[in-house]
Amino acid sequence: LTAMGEPSMEPTMPAADSTAQQDSLFSMMDVFLISLITGLFTYWFFFRKKKEEVPDLPKMQSVAAPVRDSSFIEKMKKTGRNIVVFYGSQTGTAEEFANRLSKDAHRYGLRGMAADPEEYDLSDLSRLSEIDKSLAVFCMATYGEGDPTDNAQDFYDWLQEADADLSGLRFAVFGLGNKTYEHFNAMGKYVDKRLEELGAQRIFELGLGDDDGNLEEDFITWREQFWPAVCEHFGVEATGEESSIRQYELVVHTDVNMNKVYTGEMGRLKSYENQKPPFDAKNPFLAQVTENRKLNEGGERHLMHLELDISNSKIRYESGDHVAVYPANDSSLVNQIGEILGTDLDTVMSLNNLDEESNKKHPFPCPTSYRTALTYYLDITNPPRTNVLYELAQYASDAGEQERLRKMASSAAEGKALYLSWVVEARRNILAILQDMPSLRPPIDHLCELLPRLQARYYSIASSSKVHPNSIHICAVTVEYETKTGRLNKGVATNWLKSKVPEQNGSSSLVPMYVRKSQFRLPFKPSTPVIMIGPGTGIAPFIGFIQERAWLKQQGKEVGETVLYYGCRREHEDYLYREELARFQKEGVLTQLNVAFSRDQAEKVYVQHLLKKNKENVWKLINEGMAHIYVCGDARNMARDVQNTFYEIVSEFGNMSQPQAVDYIKKLMTKGRYSLDVWS
């Protein structure tokens, strides 16, 4: 109103006589009165409207509020729990351990609940002391290069920024990691340290599980010392023998509308028939396989290149990202389990949580059939963990087999050794165990309750979105090996992908997938040199990097040196992307192509040997060119050997001691100039 009123107050012409002045004065008074009346009316009108709208505001807020439980404290009070076990889990193992710990609690007269930190406000930890004999346990997996898992990211951010007083909180942490990685158990160590810094009281030492060794044994060893510490702290005792308590009850549906039955969807019912973005872990996109070709010319292995069509999905990706794929189990394994247990696999059922307050209503999407559960939802190929063996033991009618299963599930040294040799090293999956123990015939619903979820598999994307905006490329090798029992074990995802033959409108070539963002990124400036080291399928992200550098060059950008160190077994056997690399080199995009053929000569040659051979050039690129280094592939040997080689090069040409060279490389990592995308 002020802005509109201002021009009318400005004199537009001088007054000619007194009459004109009176008219002018009158008109100015008119304007003033009209403005005043209008202003009062407007004020009254809006004031009245605001009063009317007040009752509606809470409704608007409730619609916009995030779907998150208000407080895990209130839930614990309501359900009589005193132990909460939070899990940071990427592949389901940490969640599984959290469930086992929460179930353990009843043996000590306590009540536990497993909780996903993503679903709660963790600032409520400061209130946990309101509950008698309360304890927070954290099962935290480390993902990638010392990162939190997706579901623990918010918790990690809160811990970093929090200045909360957690002096009343009692806690314990078990970390899940892998010693072949640079940042072993970084997340578990950080949570343990940070909670103490915020004043919380550690009631038992940090547990560090190593998946490169025997993660299950590490967990059992920690757990068997953890509970006595809890008993001592709270002055409680074990109430008796460990007992089998079912978490879910079986409901068989004899008359069910098949439109209400899950057939493999990860989240929303019928989401595969009616696809809606955005696509993520709970809502994967069904991508059509448009190309599936064998990359290697010979040898026993099958190395393949697949292309997934993501047109109309609104999925965006960058070079260096990962594509997650949801595979399906081999139908012959599923059928054999059904036959051994004498079950009609097409029975439609639900497993409903007996704890009505639990956020997790079912162990997997229900209602569904046993066939669907065993094909899409459950892991039937990995050796089962000891808790599964313990629960199954009651169903072995032969006393010897029952005793054997209980022994393997025990914490006794003999039992651990037997589990290690008979299950882990022999790679016995649930089918093999059922075959080798003829008296073990559990109800299929209890078996489905016990088996862990089948997890998505991650692959480094082998394409650039600048060149292939509607397509994601995968480079993979099929996993197949003979076990100590003479059985042929096959990798679930790679063998399933191998069977995905492109078809015109064929459902058999559809792959449920989503993209997971990565920190593995090309430098911001295209002129920055890059040194890429990726033997075998570790070449995948570098195909995307080189494609992108070629595209940037075509756009007229100045592109720095692009150096690749690649390795394979034999030149005429498994030299992946040979033609593409030769073309990139000819075009001048790939300025150096160094290839190590490990088995083409008497003495084995690997990528680290070629780095040593070109050490002067490597140092010049790092020191003068400010090059970015990228390593992709095997973490256990290759990544470690390559890193040691860089220590040697830096030490020699930078005139540094070994500790100084190590520190130099660590600083490159911190600055994002030395990046790893490795697996074990």
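## A strand pair in the antiparallel sheet

Ala287 has Val511 in β18 as its bridge partner. This is a predicted model, where local features need pLDDT of at least 70 and side-chain atom pairs count only at pLDDT 80 or more, while totals for chains, interfaces and linings use all residues. Residues are numbered from 1 along each chain as its sequence is written, and side-chain values use heavy atoms, with hydrogens and water left out.

Strand β9 (residues 285-294) pairs with strand β18 (residues 510-516) over four bridges, in the antiparallel sense. Strands pair if DSSP finds at least two bridges between them. Helices (H or I, at least four residues) and strands (E, at least two) are DSSP runs, numbered from the N terminus.

Both strands belong to an open sheet of six, ordered β14-β11-β18-β9-β10-β15, with antiparallel pairing. At its edges are β14 (457-460) and β15 (471-477), each pairing on one side only. Neighbouring strands here are turned by 40° against each other on average, direction ignored.

## The parallel sheet

Another open sheet has five strands in the order β21-β20-β19-β22-β23, paired in parallel. β21 (592-597) and β23 (674-679) each have a single partner strand, so one side of each lacks a neighbour in the sheet. On average, neighbouring strands of this sheet are turned by 10°, direction ignored.

Six bridges join β20 (residues 562-568) to β21. Within this pair, Leu564 has Leu593 in β21 as its bridge partner. Helix α20 (residues 615-623) lies across β19 (530-533), β20, β21 and β22 (628-634). The helix runs at about 130° to β19. Such angles run from 0 to 180 degrees between N-to-C directions; axes are lines fitted to C-alpha atoms, for helices over the stretch in contact.

## Two packed helices

How far apart are the axes of α6 and α7? Helix α6 (residues 153-161) and helix α7 (residues 186-197) have axes 11 Å apart and pack at an angle of about 40°. Phe155, Tyr156, Leu159 and Gln160 in α6 meet Met187, Tyr190, Val191, Arg194 and Leu195 in α7. Contact means heavy atoms within 4.5 Å.

## Confidence

The protein chain has a mean pLDDT of 90, and 88% of its residues reach 70 or more. pLDDT is the predictor's confidence in each residue, from 0 to 100. Over residues 1-27 it is below 50, and this stretch has three contacts beyond near neighbours in sequence. Over residues 43-68 pLDDT stays under 50, with five contacts beyond four places in sequence. Where pLDDT is low, the predicted coordinates should not be read in detail.
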